[in-house]
Amino acid sequence: MSKQMSHLDNNPSTPGKFKMEKSAYAHNRLRWHSSLAKLTFWSFMFMGMILIFFFRSPSSNPLPQDPSRRSLRTYNWGGPAWEKRVRSSARIRSRHGISVLVTGAAGFVGTHVSAALKRRGDGVLGLDNFNDYYDPSLKRARQAFLERSGVFIVEGDINDSALLRKLFEVVAFTHVMHLAAQAGVRYAMENPGSYVHSNIAGFVSLLEICKSANPQPAIVWASSSSVYGLNSKVPFSEKDRTDQPASLYAATKKAGEEIAHTYNHIYGLSLTGLRFFTVYGPWGRPDMAYFFFTRDILKGKSIPIFEAANHGTVARDFTYIDDIVKGCLGALDTSEKSTGSGGKKKGAAQLRVYNLGNTWPVPVSDLVSILERLLKVNAKRKVMKLPRNGDVPFTHANISLAKRELGYKPTTDLQSGLKKFVRWYLSYYSGGKKAAG
Ligand SMILES: NC(=O)c1ccc[n+]([C@@H]2O[C@H](COP(=O)([O-])OP(=O)(O)OC[C@H]3O[C@@H](n4cnc5c(N)ncnc54)[C@H](O)[C@@H]3O)[C@@H](O)[C@H]2O)c1
């Protein structure tokens, strides 16, 4: 081996040139052959890549790889008719109402929060980029549902500063409910950039506009229980450490909290972070276990039940959407005004963070048993080791702070909440619609 190495080391630094001098003709022929071989090889590689690109089954990879594809999309906005719709949707219709820009309004939580605000007579304007992380037709159906209650969702990206500036020009929002994000932990294996695009760059873009708005709105935003990462001390309390994220998603949520802190400190923005714990319910997200378990149980497909190290139980503090909505409204209603103006801080502003959970962790196998009873179908369970791709074995919220300061009090247990979810699921996916995926 070392002999070979020394032989190689002894070669002149430009071996081709060296040989050329010895036999130009032989070398040219050799080069021509090797170029042809290379050309043929690369042509095949190139054709192969094109074929893979075009014929890749959409069901095996329905998600876009390139987050910039989303930001490059252009949306139609502007014009008198559009402004009229924006104004009308954001108009306050009750005496002490607020006007709220809800980002991620076509999402699961955003839809419910928007509808609840509208029902109370608040002004609500939605913003969503309708990306295809999961079946966009579900987002369109939520949009149609909100449309019927008078909520207009502007189609656009939170990274589009010109659009955000325009929205604040048309409406003096008192509050922003920021729910737009790249959710889910596993998708980071495929598209890490989408987390940076929405959860970091997008959040900064939104805060930049809020900071310059006059008056500045108060902001409530969704963080996540995932910031507790692999903590073993339970239940998780707001005072616990959040420096062991187990996924890129968690890391970007944690970064979001730091970013919020900074904007609060420098610009006087009033900011409240909500750490949601596994939210479920009607209009839910198809990438979440309770949702795709329901779909797969009905299809007779086997479902993976993860188990932690040493056959440990994987459990989640499942929180019903109506309880989460009450927590969001509580946070909006107790938000103080931002203190800055013209991009400058005038005094200390409110900065808060709350757990919104159910305080009742349930093993995932119990979730499956409840679904079996509700669907009247036996599940094909496949017990598997929890993969190390971001899922944590256990979540459990301490909610005493939210109880005390937001009046938050969850009232729906998993059995009753899943009953409502299953009822919605069955009615949504009958009527010609097929289960996502
Ligand atoms: N559902 C849960 O269990 C849960 C748990 C913890 C935290 N959260 C957080 O709550 C928030 C809402 O979650 P969800 O379950 O409703 O998710 P969701 O994916 O259903 O909703 C998010 C919405 O934001 C939109 N969006 C994403 N990036 C955007 C961008 N750059 N510009 C404009 N719109 C964009 C998406 O199209 C989607 O409609 C997220 O911040 C999520 O991380 C949710």
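**Helix packing, sheets and ligand shell**

The crossing of helices α8 and α9 is right-handed, a crossing being right-handed if the near helix is turned clockwise from the far one by less than a right angle, and left-handed if anticlockwise. This is a predicted model, in which local features need pLDDT of at least 70 and side-chain atom pairs count only at pLDDT 80 or more, while totals for chains, interfaces and linings use all residues. Residues are numbered from 1 along each chain as its sequence is written. The protein has 15 helices and 14 strands, where helices (H or I, at least four residues) and strands (E, at least two) are DSSP runs numbered from the N terminus.

**Overall picture**

- Of the 437 residues of the protein, 42% count as buried; a residue is buried if 20 or more other C-beta atoms lie within 10 Å of its own, exposed if 12 or fewer, and partly exposed in between, with C-beta atoms placed from the backbone.
- Among contacts in the protein with a separation of 6 or more, 82% are between residues 24 or more positions apart, two residues being in contact if their C-beta atoms, placed from the backbone, lie within 7 Å.

- The axes of α8 (residues 161-170) and α9 come within 10 Å and cross at roughly 35 degrees; axes are lines fitted to C-alpha atoms, for helices over the stretch in contact, and angles run from 0 to 180 degrees between N-to-C directions.
- Ser161, Leu164, Arg165 and Phe168 of α8 make this contact with Ser205, Leu206, Glu208 and Ile209 of α9, and these residues divide into four nonpolar, two polar and two charged.
- In that division, Ala, Val, Leu, Ile, Met, Phe, Trp, Tyr, Cys and Pro count as nonpolar, Asp, Glu, Lys and Arg as charged, and the others, Gly among them, as polar.
- In α11 (residues 289-299), the buried residues are Ala289, Tyr290, Phe291, Phe293, Thr294 and Ile297, and their cover includes β7 (279-280), β8 (302-308), α13 (364-375) and α15 (414-429).
- Just after α11, Gly300 adopts a positive phi of about 75 degrees.

**The three-stranded sheet**

- A further open sheet has three strands in the order β9-β8-β14 with mixed pairing; its edge strands are β9 (312-313) and β14 (380-385), each of which pairs on one side only.
- β8 and β14 run parallel and are joined by six bridges; Ile303 has Arg381 of β14 as its bridge partner, and Pro304 stands opposite Lys382 of β14.
- β8 and β9 pair in the antiparallel sense over two bridges, with Glu307 opposite Thr313 of β9.
- α13 lies across β8 and β14 and runs at about 155 degrees to β8.

**The ligand shell**

- The ligand has 27 residues around it, of which Gly104, Gly107, Ala180, Ala181 and Ala222 come nearest; a residue is near a molecule if its C-beta atom, placed from the backbone, lies within 6 Å of it.
- The elements that give two or more residues to this shell are α6 (108-120), α9 (192-212) and β5 (218-224), and α6 gives the most, with three.
- The shell residues divide into twelve nonpolar, eleven polar and four charged.

**Backbone exceptions**

- Most residues other than glycine have a negative phi, and most peptide bonds are trans.
- A cis peptide bond with omega of about 5 degrees joins Asn214 and Pro215, and Pro215 is found in the loop between α9 and β5.
- Another cis peptide bond, with omega of about -5 degrees, joins Val234 and Pro235, and Pro235 is in the loop between β5 and α10 (248-267).
- Phe130, which is not a glycine, has a positive phi of about 50 degrees and is found in the loop between β2 and α7 (136-148).

Definitions and conventions: Pairing = 2+ DSSP bridges.
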